[in-house]
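Please keep the sequence and the structure in view while reading.

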Amino acid sequence: MTIKLYGAALSPFVRKTRVALALKGIEFESVHVDPTSPPEGYEKISPMKRIPALEVDGQYLADSAAICAWMEKTQPEPALYPSNAMEMGQAIWFERFVDYDLAMRCTFAVFRNRVVMRLIGKECDEEKVQHALTTTIPPLFAYLDKALDGREFLVGDSITIADIALASQMVNFKHGGESIDPAKYPNLAAHTERMHALAPFAKTIEKESGFIQKVMG
Ligand SMILES: N[C@@H](CCC(=O)N[C@@H](CS)C(=O)NCC(=O)O)C(=O)O
(Lines give C-alpha, C1' and ligand atoms only; values in the text may rest on other atoms or scores of the structure.)
Protein backbone atom coordinates (compact mmCIF):
# COMPACT_ATOMS: atom_id res chain seq x y z
CA MET A 1 0.00 0.00 0.00
CA THR A 2 1.42 3.40 -1.00
CA ILE A 3 0.17 6.24 1.20
CA LYS A 4 0.72 9.95 0.67
CA LEU A 5 -0.45 12.62 3.11
CA TYR A 6 -0.97 16.03 1.52
CA GLY A 7 -0.60 18.91 3.98
CA ALA A 8 1.54 21.47 5.74
CA ALA A 9 3.46 21.29 9.00
CA LEU A 10 1.51 23.75 11.16
CA SER A 11 -2.05 22.69 10.29
CA PRO A 12 -3.83 21.22 13.34
CA PHE A 13 -5.86 18.90 11.10
CA VAL A 14 -2.76 17.57 9.35
CA ARG A 15 -1.01 17.15 12.72
CA LYS A 16 -4.03 15.25 14.10
CA THR A 17 -3.83 12.91 11.09
CA ARG A 18 -0.04 12.49 11.37
CA VAL A 19 -0.26 11.67 15.10
CA ALA A 20 -3.03 9.11 14.47
CA LEU A 21 -0.99 7.53 11.63
CA ALA A 22 2.04 7.37 13.96
CA LEU A 23 0.04 5.76 16.80
CA LYS A 24 -1.27 3.16 14.33
CA GLY A 25 2.24 2.57 12.97
CA ILE A 26 1.14 3.31 9.39
CA GLU A 27 3.99 4.42 7.12
CA PHE A 28 3.32 7.31 4.78
CA GLU A 29 5.02 9.91 2.64
CA SER A 30 4.34 13.61 3.34
CA VAL A 31 3.61 15.84 0.34
CA HIS A 32 3.74 19.55 1.10
CA VAL A 33 0.65 21.52 0.06
CA ASP A 34 0.36 25.19 0.99
CA PRO A 35 -3.39 25.71 1.56
CA THR A 36 -3.08 29.38 0.53
CA SER A 37 -1.80 28.36 -2.92
CA PRO A 38 -2.62 24.71 -3.63
CA PRO A 39 -1.09 23.16 -6.75
CA GLU A 40 -2.94 23.07 -10.06
CA GLY A 41 -5.51 20.25 -10.09
CA TYR A 42 -5.46 19.80 -6.30
CA GLU A 43 -9.29 19.79 -6.30
CA LYS A 44 -9.10 16.29 -7.80
CA ILE A 45 -7.38 15.22 -4.58
CA SER A 46 -9.29 17.43 -2.13
CA PRO A 47 -12.55 18.81 -3.62
CA MET A 48 -12.55 21.93 -1.40
CA LYS A 49 -8.75 22.31 -1.80
CA ARG A 50 -8.21 21.89 1.92
CA ILE A 51 -5.52 20.00 3.81
CA PRO A 52 -5.13 17.24 4.85
CA ALA A 53 -5.88 14.85 2.00
CA LEU A 54 -4.75 11.27 1.68
CA GLU A 55 -3.78 9.23 -1.35
CA VAL A 56 -3.94 5.45 -1.02
CA ASP A 57 -2.82 3.52 -4.09
CA GLY A 58 -4.24 6.20 -6.40
CA GLN A 59 -7.51 6.74 -4.46
CA TYR A 60 -8.14 9.99 -2.59
CA LEU A 61 -9.74 11.01 0.72
CA ALA A 62 -10.20 14.55 2.03
CA ASP A 63 -10.80 15.75 5.62
CA SER A 64 -8.99 14.59 8.75
CA ALA A 65 -12.13 12.89 10.16
CA ALA A 66 -12.61 10.82 6.98
CA ILE A 67 -8.92 9.94 6.88
CA CYS A 68 -8.89 8.85 10.55
CA ALA A 69 -12.04 6.74 10.02
CA TRP A 70 -10.30 5.04 7.04
CA MET A 71 -7.27 4.42 9.26
CA GLU A 72 -9.32 2.67 11.95
CA LYS A 73 -10.71 0.18 9.40
CA THR A 74 -7.33 -0.32 7.74
CA GLN A 75 -5.34 -0.79 10.95
CA PRO A 76 -7.74 -1.48 13.86
CA GLU A 77 -5.00 -1.68 16.53
CA PRO A 78 -4.50 0.29 18.64
CA ALA A 79 -8.17 1.32 18.54
CA LEU A 80 -8.64 5.08 18.41
CA TYR A 81 -12.45 4.85 18.54
CA PRO A 82 -14.38 3.25 21.45
CA SER A 83 -16.18 -0.05 20.89
CA ASN A 84 -19.13 0.96 23.12
CA ALA A 85 -21.87 2.60 21.01
CA MET A 86 -22.52 5.60 23.27
CA GLU A 87 -18.81 6.23 23.79
CA MET A 88 -18.27 6.01 20.04
CA GLY A 89 -20.91 8.71 19.53
CA GLN A 90 -19.31 10.83 22.26
CA ALA A 91 -15.83 10.52 20.71
CA ILE A 92 -17.19 11.62 17.32
CA TRP A 93 -19.00 14.53 19.02
CA PHE A 94 -15.83 15.75 20.74
CA GLU A 95 -13.82 15.35 17.54
CA ARG A 96 -16.38 17.44 15.67
CA PHE A 97 -16.69 20.04 18.45
CA VAL A 98 -12.93 20.48 18.56
CA ASP A 99 -12.36 20.45 14.76
CA TYR A 100 -15.08 23.03 14.14
CA ASP A 101 -16.19 25.06 17.18
CA LEU A 102 -12.91 25.14 19.09
CA ALA A 103 -10.75 25.43 15.95
CA MET A 104 -12.75 28.44 14.80
CA ARG A 105 -12.09 30.28 18.05
CA CYS A 106 -8.56 29.08 18.88
CA THR A 107 -6.72 28.26 15.67
CA PHE A 108 -8.55 30.53 13.23
CA ALA A 109 -8.66 33.51 15.63
CA VAL A 110 -5.51 33.25 17.79
CA PHE A 111 -2.98 31.19 15.80
CA ARG A 112 -4.01 32.54 12.40
CA ASN A 113 -3.59 36.15 13.53
CA ARG A 114 -0.50 35.76 15.67
CA VAL A 115 1.42 33.35 13.40
CA VAL A 116 -0.04 32.84 9.90
CA MET A 117 -0.64 36.55 9.23
CA ARG A 118 2.95 37.33 10.16
CA LEU A 119 4.26 34.46 8.04
CA ILE A 120 2.44 35.85 5.00
CA GLY A 121 3.55 39.41 5.76
CA LYS A 122 0.18 40.71 6.97
CA GLU A 123 -0.90 42.48 10.15
CA CYS A 124 -2.08 40.57 13.21
CA ASP A 125 -5.58 41.66 14.24
CA GLU A 126 -4.85 41.68 17.99
CA GLU A 127 -8.36 42.94 18.74
CA LYS A 128 -9.78 39.76 17.22
CA VAL A 129 -7.31 37.68 19.26
CA GLN A 130 -8.29 39.42 22.51
CA HIS A 131 -11.99 39.02 21.75
CA ALA A 132 -11.46 35.28 21.29
CA LEU A 133 -9.32 34.96 24.44
CA THR A 134 -11.71 36.88 26.69
CA THR A 135 -15.12 36.10 25.19
CA THR A 136 -15.49 33.18 22.81
CA ILE A 137 -12.87 30.70 24.07
CA PRO A 138 -13.60 30.64 27.88
CA PRO A 139 -17.00 28.88 27.70
CA LEU A 140 -15.54 26.19 25.43
CA PHE A 141 -12.53 25.65 27.70
CA ALA A 142 -14.89 25.48 30.70
CA TYR A 143 -16.98 22.83 28.92
CA LEU A 144 -13.91 20.73 28.08
CA ASP A 145 -12.51 21.16 31.60
CA LYS A 146 -15.74 19.84 33.07
CA ALA A 147 -15.82 16.94 30.60
CA LEU A 148 -12.30 15.98 31.74
CA ASP A 149 -13.04 16.19 35.47
CA GLY A 150 -11.65 13.05 37.11
CA ARG A 151 -10.75 11.55 33.75
CA GLU A 152 -7.52 10.87 31.91
CA PHE A 153 -9.19 10.89 28.49
CA LEU A 154 -12.25 12.66 27.07
CA VAL A 155 -14.08 9.36 26.49
CA GLY A 156 -13.53 5.90 27.99
CA ASP A 157 -10.24 4.81 29.49
CA SER A 158 -7.83 5.02 26.59
CA ILE A 159 -6.78 7.61 24.04
CA THR A 160 -9.31 8.24 21.27
CA ILE A 161 -9.54 10.46 18.24
CA ALA A 162 -11.21 13.06 20.50
CA ASP A 163 -8.05 13.45 22.64
CA ILE A 164 -5.82 13.60 19.57
CA ALA A 165 -8.00 16.23 17.88
CA LEU A 166 -8.11 18.37 21.06
CA ALA A 167 -4.39 18.15 21.77
CA SER A 168 -3.63 19.06 18.17
CA GLN A 169 -5.64 22.29 18.35
CA MET A 170 -3.89 23.06 21.65
CA VAL A 171 -0.51 22.89 19.87
CA ASN A 172 -1.64 25.80 17.68
CA PHE A 173 -2.85 27.66 20.78
CA LYS A 174 0.69 27.29 22.17
CA HIS A 175 2.26 28.37 18.87
CA GLY A 176 0.02 31.43 19.09
CA GLY A 177 1.81 32.40 22.33
CA GLU A 178 -0.94 31.23 24.69
CA SER A 179 -1.22 28.57 27.36
CA ILE A 180 -4.13 27.07 29.25
CA ASP A 181 -4.46 28.63 32.70
CA PRO A 182 -4.18 25.70 35.16
CA ALA A 183 -5.90 27.76 37.86
CA LYS A 184 -9.02 28.18 35.70
CA TYR A 185 -8.93 24.96 33.71
CA PRO A 186 -6.88 22.40 35.70
CA ASN A 187 -8.24 19.32 33.92
CA LEU A 188 -7.81 20.74 30.42
CA ALA A 189 -4.30 22.00 31.23
CA ALA A 190 -3.29 18.59 32.63
CA HIS A 191 -4.83 16.72 29.66
CA THR A 192 -2.95 18.94 27.22
CA GLU A 193 0.32 18.42 29.08
CA ARG A 194 -0.16 14.62 29.12
CA MET A 195 -1.05 14.46 25.43
CA HIS A 196 1.80 16.74 24.38
CA ALA A 197 4.25 14.51 26.26
CA LEU A 198 3.34 11.52 24.05
CA ALA A 199 6.14 10.81 21.57
CA PRO A 200 4.33 11.71 18.30
CA PHE A 201 3.18 15.06 19.76
CA ALA A 202 6.47 15.82 21.57
CA LYS A 203 8.49 15.24 18.39
CA THR A 204 6.31 17.41 16.17
CA ILE A 205 5.99 20.20 18.77
CA GLU A 206 9.78 20.44 19.05
CA LYS A 207 10.22 20.58 15.27
CA GLU A 208 7.39 23.07 14.70
CA SER A 209 8.45 25.34 17.59
CA GLY A 210 11.98 25.48 16.17
CA PHE A 211 10.57 26.47 12.78
CA ILE A 212 8.30 29.16 14.26
CA GLN A 213 11.14 30.64 16.33
CA LYS A 214 13.39 30.73 13.27
CA VAL A 215 10.92 32.50 10.99
CA MET A 216 9.27 34.77 13.56
CA GLY A 217 12.35 35.62 15.64
N1 LIG B 1 -12.53 19.83 8.70
C2 LIG B 1 -11.30 19.85 7.94
C3 LIG B 1 -10.61 21.20 8.09
C4 LIG B 1 -9.40 21.33 7.20
C5 LIG B 1 -8.95 22.78 7.07
O6 LIG B 1 -9.71 23.73 7.30
N7 LIG B 1 -7.68 22.95 6.68
C8 LIG B 1 -7.17 24.29 6.43
C9 LIG B 1 -5.70 24.42 6.83
S10 LIG B 1 -5.47 24.32 8.56
C11 LIG B 1 -7.25 24.57 4.94
O12 LIG B 1 -6.95 23.72 4.13
N13 LIG B 1 -7.66 25.79 4.58
C14 LIG B 1 -7.72 26.21 3.21
C15 LIG B 1 -9.13 26.56 2.80
O16 LIG B 1 -10.07 26.39 3.60
O17 LIG B 1 -9.27 27.01 1.67
C18 LIG B 1 -10.41 18.69 8.40
O19 LIG B 1 -10.57 18.24 9.52
O20 LIG B 1 -9.61 18.21 7.59
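## Helices H5 and H7

Phe141, Leu144 and Asp145 in H5 meet Pro186, Asn187 and Leu188 in H7, in a model that is predicted. By residue class, this contact of H5 with H7 divides into four nonpolar residues, one polar and one charged.

The axes of helix H5 (residues 126–147) and helix H7 (residues 186–197) come within 7 Å of each other and cross at roughly 75°. Because angles of 65 to 115 degrees count as roughly perpendicular, H5 and H7 are described as roughly perpendicular to each other.

## Helices H3 and H4

Helix H3 (residues 85–105) packs with helix H4 (residues 107–119) at an angle of about 45°, and their axes lie 4 Å apart. That angle makes H3 oblique to H4. On the side of H3 the contact is made by Leu102, Ala103, Met104 and Arg105, while H4 contributes Thr107, Phe108, Ala109 and Val110. Six of the residues in this contact of H3 with H4 are nonpolar, one is polar and one is charged.

The protein is divided into domain 1, which covers residues 3–74, and domain 2, which covers residues 85–216. Taken over C-alpha atoms, the centres of domain 1 and domain 2 are separated by 20 Å, and 15 residues of domain 1 are in contact with 23 residues of domain 2.

The size of an interface is often given as the accessible area lost when the parts come together. Between domain 1 and domain 2 the buried area is about 1,400 Å², with carbon and sulfur atoms giving 70% of that area. Which three residues supply more than any others of the area that domain 1 buries against domain 2? They are Leu10, Arg15 and Lys16, which supply 42% of that area.

## Salt bridges

How many salt bridges does the rule find across the interface of domain 1 and domain 2? The rule finds four across that interface, while the count for the model comes to eight salt bridges.

Asp99 forms a salt bridge with Lys16, whose closest N and O atoms are 2.6 Å apart. In another salt bridge, Arg18 pairs with Glu208, and here the closest N and O atoms are 3.6 Å apart.

## Backbone exceptions

Most residues other than glycine have a negative phi, and most peptide bonds are trans. Against that background, the peptide bond from Ile51 to Pro52 is cis, with omega near 5°, and Pro52 is found in the loop between strand E2 (29–32) and strand E3 (53–56). Lys49 lies in the loop between E2 and E3 as well, and Lys49 has a phi near 60°, a positive value in a residue other than glycine.

A cis peptide bond also joins Glu77 and Pro78, with omega at about -10°. Pro78 lies in the loop between helix H2 (64–74) and H3.

Notes. Residues are numbered from 1 along each chain as its sequence is written. This is a predicted model: local features need pLDDT of at least 70, side-chain atom pairs count only at pLDDT 80 or more; totals for chains, interfaces and linings use all residues. Side-chain values use heavy atoms; hydrogens and water are left out. Axes are lines fitted to C-alpha atoms, for helices over the stretch in contact, and angles run from 0 to 180 degrees between N-to-C directions. Helices (H or I, at least four residues) and strands (E, at least two) are DSSP runs, numbered from the N terminus. Angles under 35 degrees count as roughly parallel, over 145 as roughly antiparallel, 65 to 115 as roughly perpendicular and the rest as oblique. Contact means heavy atoms within 4.5 Å. Ala, Val, Leu, Ile, Met, Phe, Trp, Tyr, Cys and Pro count as nonpolar, Asp, Glu, Lys and Arg as charged, and the others, Gly among them, as polar. Domain bounds come from an automatic or database domain assignment. Buried area is the accessible area (1.4 Å probe) that two parts lose on being put together, summed over both. A salt bridge is a side-chain nitrogen of Lys or Arg within 4 Å of a carboxyl oxygen of Asp or Glu.
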